[in-house]
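Have a look at the model first.

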Amino acid sequence: MIDARMTTFLTGTYIPTAFALNPYVHYTMGTSQSVLKLMRAGLDRMLDTDGAAIALREFETFRRKQGEFSTDIAKRMAIDPKTSLAAWWATFGGDTPMC
């Protein structure tokens, strides 16, 4: 029953896309195929085809923990409850300038 309600709640929203971009989730749980699918679906709704392609390429940098995302401080701050999502992305998102 809860799963059905959550599916209804999440359908047509950007919550799954935001979930995929949450550094805490990314560094503690990883990124599954279902998360990637939800990310792509959200970007398809938000952006035109070219913009979605750019965002997905940049998401791949985040997902693979390349560049600034690979540092120990990025991981530490991602799991620190005192660090806001906005502050984390402002600090470490420089390798993804188009998003």
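In the protein chain, 59% of the contacts (heavy atoms within 4.5 Å) with a separation of 6 or more are between residues 24 or more positions apart. This is a predicted model, so to speak of local features we need pLDDT of at least 70, and side-chain atom pairs count only at pLDDT 80 or more, while totals for chains, interfaces and linings use all residues. Residues are numbered from 1 along each chain as its sequence is written, and side-chain values use heavy atoms, with hydrogens and water left out.

What's the chain built from? Seven helices and zero strands, taking helices as DSSP runs of H or I with at least four residues and strands as E runs of at least two, numbered from the N terminus. Along the sequence that reads α-α-α-α-α-α-α. Of the 99 residues, 28% are buried, meaning under 20% relative accessible area with a 1.4 Å probe, protein chains only.

Now zoom in on H4 (residues 33-46) and H5 (residues 49-63). Their axes, lines fitted to C-alpha atoms over the stretch in contact, sit 10 Å apart at an angle of about 150 degrees, on a scale from 0 to 180 degrees between N-to-C directions. H4 and H5 are therefore roughly antiparallel (angles over 145 degrees). On the H4 side, Leu-36, Met-39, Arg-40, Leu-43 and Asp-44 meet Ala-52, Ala-55, Leu-56, Phe-59 and Arg-63 of H5. Those contact residues split into seven nonpolar (here Ala, Leu, Met and Phe), no polar and three charged (Asp and Arg).

Key
Buried means under 20% relative accessible area, exposed over 50%, partly exposed in between (1.4 Å probe, protein chains only). Angles under 35 degrees count as roughly parallel, over 145 as roughly antiparallel, 65 to 115 as roughly perpendicular and the rest as oblique.
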